[in-house]
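User: I am new to this structure. Please walk me through its backbone and its domains.

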Amino acid sequence: MSKGITSRVENYSQWYNELVVRAGLAENSGVRGSMVIKPYGYAIWEKMRDQLDKMFKETGHENAYFPLFIPKSYFSKEASHVDGFAKECAVVTHYRLKTDANNQIVVDEDAKLEEELIVRPTSETIIWSTYKNWIQSYRDLPILINQWANVVRWEMRTRLFLRTSEFLWQEGHTAHSTAQEAMAETRQMLDIYAEFAENWLALPVIKGAKSASERFAGALETLSIEAMMQDGKALQSGTSHFLGQNFAKAFDVKFLTKEGKQEYVWASSWGVSTRLMGALIMAHSDDKGLVLPPKLAPIHVVIVPIYKNTGELEKISAAVKIMMTELKAKGITVKFDDNDNNRPGFKFAEYELKGVPVRLAMGMRDLEAGNVELVRRDTLEKQVVKQVGIAEYIEKLLIEIQQNIYSKAHKHREANTHKVDTYAEFKQIIESENGGFVLAHWDGTPETEEKIKEETKATIRCIPFDSPEEDGVCMYSGKPSKQRVLFAKAY
RNA sequence: CGGGGCAUAGCGCAGUCCGGUUAGCGCAUCUGCUUUGGGAGCAGAGGGUCGCAGGUUCGAAUCCUGCUGCCCCGACCA
């Protein structure tokens, strides 16, 4: 195994692939397009999940679980929904295997299902077929449910975390008595995603609405948060959909209003997936490995002893134990790596690869002086600090690291976001090495959007909420436009 | 689904063109000694149905046929 990883400049894509594997986050499995999430990677996902779950519950949502299999007939009830997902569905057709004449295990053709089952690519249909039974009156509304689940989308080309055939996610599905309430829910959940991305992933995001062609299959409106990766490409990091009455109509879900009228129910759905892991990795990490924001790091502090014999190790360990107790008391996760098989230099490189935010090293020199050597992962700055008061120091430092990682990502995005008024300029920026975000006028037609995509591979990531109204002309067609939209190449 | 590449020890690879000692190297593993402030050194040891199935041949990792899997590049997508 080589020592380092491919640098970002050398080959960004390869850097990412190697980093995911070498840092022990995930690996490819024997199943095409499906990954194994390893303990260290899963620990990060658990932290994300726990925090999001808390935020969902704080806003009145409850968890539930719906089936993995969806009868084909349910799935086909909402026309645009089918159109959107049909090409990437795994289908269960049989329920039994048998041993054939050659002693091979084969599918038993006699055990063909009367109705095929779709492995869920998303759960709107199974959930709305259920909601039909739960909703009769306005008193039954709203329903605010989330589920943590796996889904399958048969992808042609996959990449660890960014696009795999099976992935983990959460999907919220809510039912409301008015359009306004459903839309407010859609917006509220997008805000929660944005807050999570910025405060936990340390990732600045742009909130906005999708253009019609980028909308979720079956939605009237799709909102998303878009983040910039270090190579200037956009990564859609969360989506929230206003589904109108489409699914209520498809599954005949009506409720009795206060006024005694029968009306169709209004819906929203929203989700984030293990793709957030990809965002986290690509946004902050460097050529030495992962850089994790402290709020999501499975280990905050690693302590490496430097010693010549067991006597020294014992003395160092005693001092380390005291620091560990103090750190743990403040809720800081700390690992003391006294494994004698690896030498300090190896450990330094290893924990940098794994993105541990703070590393302490202590040898006899430090011990005698009452010091400890401290290195922060985000800047790789080395300093010598007093053992006394170390917990308070690190507590503050972790907050500073979290902020620094965010502001670094924010600066990078600002430096690579451009306002552009001509198509020539647009192409020049989009095709340049660092790519980036471009804010430009667009005439609002799918035709123009499609042409731009064909010619440059850039797409409209969103129509940002905070983009001011401003008279202009479409950079492509010259037709009038009232607002700039966000273009970028995307993952 | 189209184009390309790969499959040999736990991992990374050489050997394949041009068939012929006992299939080799690095890392990892095990043992011992010396080491330990940025990926340790020396000595020794263990570890292989050469992806699978056929075929050609006195003889196949190597040649032929078929199959399978994975990776990369495109079209599709969160």
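Predicted model: local features only at pLDDT ≥ 70, side-chain atom pairs only at ≥ 80, totals over all residues.

User: Into which domains is chain A divided?
Analyst: The division of chain A covers several residue ranges. One domain is built from two stretches, 12-70 and 128-284.

User: How many Å apart do the C-alpha centres of domain 2 and domain 3 lie?
Analyst: The distance between their C-alpha centres is 49 Å.

User: Is Phe161 buried or exposed?
Analyst: Phe161 sits in the loop between β9 and β10 (166-176). Its phi is positive, about 70°, although Phe161 is not a glycine. The cut-off for buried is under 20% relative accessible area. Phe161 has 2% relative accessibility, so Phe161 counts as buried.

User: What is the phi of Ala202?
Analyst: Ala202 lies in the loop between α6 (179-199) and β11 (206-209). Ala202 is a residue other than glycine, yet its phi is positive. The value is near 60°.

User: Why does Ala202 count as buried?
Analyst: Buried means under 20% relative accessible area. Ala202 falls under that cut-off, so it counts as buried, because its relative accessibility is 0%.

Definitions and conventions. Residues numbered from 1 in each chain as written. Chains lettered and ligands numbered in written order. Heavy atoms only, no water. Helix = DSSP H or I, 4+ residues; strand = E, 2+ residues; numbered from the N terminus. Buried < 20%, exposed > 50% of the residue type's maximum accessible area, 1.4 Å probe, protein only. Domains from an automatic or database assignment.
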